[in-house]
Each structure stands twice: as structure tokens, then as C-alpha cells.
Amino acid sequence: MLSTKLLKQVALNAGADIVAVGPTSRYEGCPTQMDIRYALPGCKSIIALGFKHFRGVFRGIEEGTFFTNYSSMGYASINSIRQPLTLKAICDWIEDQGYDSMPIPNHLGWTPNDLSGQVIGKEKVPRENFSKPAKEGYPHPNVAHHMRLGAVIAGLGEIGWSKMFLSKEFGPRQRIALLLTDAEFEYDPVVKPGTICDRCKLCAQNCTGNAIPFDDNDCITVTIDGHEIKWANIDYMKCSRYFCGASPKHNPFNITEEDRINFAEHVGKAQEYKLRTIYWYARALEGASGCIRACMRHLEETGRITSKFKSKFRRKPAWKLKDDTETELPNQDKEIENWE
Ligand code: SF4
């Protein structure tokens with residue numbers, strides 16, 4: 001057994017902001033296609049790392065002055081630079097102790113985990129002609145890594161009503177990486193649901209796309225280590241359009257009729273429209289108005305997280321542009337195809 005204290009010290013020194021470790025046995029009962037134990041057969045532990053967003057990357061969007069810092073120095077810098085470098089240092093340490101380690105950064109598992117196929121039994125499988133199991137009883141390659149549930153299983157925090165991962169340190173203000181290993185540790189407990197999220201529903205109230213339902217019964221439920229975990233049944237079609245800037249009232253680049261059509265495309269298309277991508281990311285123009293900014297304000301102001309600042313995040317009334325055309329956005333009901 002390796003030292004949990006030493007592991008955490010190595011992870012923090014390497015650049016993670018928070019770290020927790022849990023046993024992969026907490027995946028028991030999970031659908032095969034999402035059971036991370038198939039990714040590294042024989043693994044015993046799952047390590048979750050949180051990389052905080054600087055609160056200031058949201059300031060420009062919050063006050064209507066600067067819109068690409070969150071996407072570039074938040075999303076892109078964490079996913080593409082901080083996570084791979086930090087994971088390498090931790091994997092080096094684990095493998096130096098004689099154990100396998102598999103790093104899983106946030107942006108690893110999109111296309112190879114294409115689960116847009118059919119439901120077989122209770123399980124969703126990859127689309128037709130995408131892959132087949134290498135052996136009877138195995139999942140289709142690749143198994144899907146549910147990053148947020150992986151972090152819950154490791155004991156890093158909980159999933160809020162918004163479906164955002166919330167930590168006791170930063171609330172929704174971080175991105176997650178995972179690491180699998182056959183080394184064993186003393187484990188962190190699963191954070192009891194409701195420790196951080198108090199169901200204030202400010203995330204739903206402040207989402208510019210109304211993608212988060214208010215109704216307590218409109219939710220997804222999973223059970224982990226005996227804890228029933230529920231989160232809102234998010235409307236991803238709305239989410240994918242509005243976080244890219246589909247609302248002309250919340251996107252100062254959305255001015256013409258052509259803009260209205262193109263910013264209302266789904267993620268993958270809208271992100272390439274008008275504003276150039278920066279380090280492959282330039283789409284989160286809405287700045288997570290409900291699921292990050294409103295939630296963060298609430299958790300800071302109510303003292304439900306430990307992160308402290310000298311001033312409140314919202315220091316001016318929220319801005320909103322005038323938009324006289326109250327018609328439905330184009331593409332609203334179009335099916336999302338070719339998710340990336
Ligand atoms: S805004 Fe409130 S209800 Fe929504 S996730 Fe945050 S704490 Fe939970």
C-alpha cells in the first residue's frame with residue numbers, strides 16, 4: 001500500500017489544486033460500458049484531481065467587457081497544458097514505486113467513447129459499425145469515462161443540481177482529471193450528497209438557455225457506495241447552443257440575422273463561427289452564467305465553500321443587451337448530430 005499523504009503531496013506539488021483517492025470497487029453495479037475498471041484491468045484505485053479556474057477568468061464576461069479568457073486560459077489551458085503535465089508527474093511517481101498508472105485528462109474521452117448508438121438491455125453502446133467487443137463479456141472499446149462520477153467515487157466532491165461537479169474548496173470553479181492505478185491507498189470517503197449543493201436552483205434561474213429544469217423530479221439518479229445522487233435532467237440541445245452564445249441578449253458578437261443562425265448551431269459548429277478558436281477553444285461566450293457564475297456567487301456568499309475573496313464576485317448589476325426580435329431561435333429543434 002502506498003502513502004495517501006505522499007500521493008497528495010506529489011499531486012499538489014505537480015500542479016493539482018485538490019486531490020482525492022477512492023477504491024475502484026465503488027464502481028460495482030455500474031453499467032459495463034461506463035465501468036472504468038475495464039480501462040486499466042486490475043486497477044484498484046481512482047485518483048481525482050481538481051484544477052481551479054481563476055475567478056478572474058469570468059470577470060470580463062460577468063461585466064460585459066472581455067469574452068475569451070475563460071475559454072483560453074480556463075478550459076484550454078487546464079485541459080491541454082496543466083492536466084497532462086501534472087498527470088505525468090504523478091504517473092512517474094506511481095510507476096517509480098512499481099505500479100501501473102493510467103492518466104485520464106478531461107479532454108481524453110470524447111470521440112473514442114461515442115455512445116450515440118442504441119440501448120442494449122439497460123446499456124447504451126457505441127453507434128453501429130463503430131466498434132465491437134474484443135471478447136465476449138467485454139464492453140465495446142472504449143469504455144466511457146464519466147469524469148464527474150469518477151471524481152465523486154474518488155471522494156473529491158459532489159455533483160450539484162446543475163450537474164456541475166462541486167468541490168468544498170471551489171464549488172463549480174474547476175475542471176477534473178482522473179488517474180487509475182493498481183496501487184492501493186487509504187481511501188477518502190464519498191462526499192455525502194447535499195454537503196455543498198443546497199438545491200437553491202439559482203443555476204436554473206440564471207441559465208440563459210433555460211437548459212436546467214427546476215422540477216425536483218426531472219432528474220437523473222445514480223447510487224454510489226450506498227449514496228443516492230441526483231442531478232437535473234439537462235436539456236443538452238439548449239445547453240450546447242446557449243453556452244456558445246445563442247442568446248443575442250447575452251452575446252455582444254451576435255448582432256445580425258446571419259449571426260443569429262450561426263450562433264444557434266450546436267457546439268462544434270457554433271464554436272467555429274465568427275470568433276476564431278484560441279488553442280482549440282473559443283466557444284464558451286456565455287461564461288456559464290447559471291451553472292458556474294450564479295452557483296459560485298451563492299456558495300461564496302453563503303460560506304458553503306472555503307474559497308475566500310476580499311470582494312463579492314457580482315459587484316455591478318448584471319448586463320443584458322436589448323434584442324427586439326423575440327422570435328424563437330433558428331435550429332432550436334434540430335437534432336444534434338456528430339457530437340465531438
Ligand atoms: S446553484 Fe444552487 S442548486 Fe444549482 S448546483 Fe449550485 S448550489 Fe446546487
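User: Which helices each supply at least two residues of the shell around the ligand?

Analyst: This is a predicted model, in which local features need pLDDT of at least 70, side-chain atom pairs count only at pLDDT 80 or more, and totals for chains, interfaces and linings use all residues. Residues are numbered from 1 along each chain as its sequence is written. Helices are DSSP runs of H or I with at least four residues, numbered from the N terminus. The helices that each supply at least two shell residues are α5 (202-206) and α8 (289-301).

User: Which helix gives the most to the shell around the ligand?

Analyst: With three residues, the greatest contributor to the shell is α8.

User: How many residues of helix α4 are buried?

Analyst: A residue is buried if 20 or more other C-beta atoms, placed from the backbone, lie within 10 Å of its own; it is exposed if 12 or fewer do, and partly exposed in between. Among the buried residues of α4 are Met 147, Arg 148 and Gly 150. Helix α4 (residues 147-154) is largely enclosed by the rest of the structure, because its buried residues number seven of the eight.

User: Is Ser 240 buried or exposed?

Analyst: Ser 240 belongs to helix α6 (residues 236-242). Because 22 other C-beta atoms lie within 10 Å, Ser 240 is buried.
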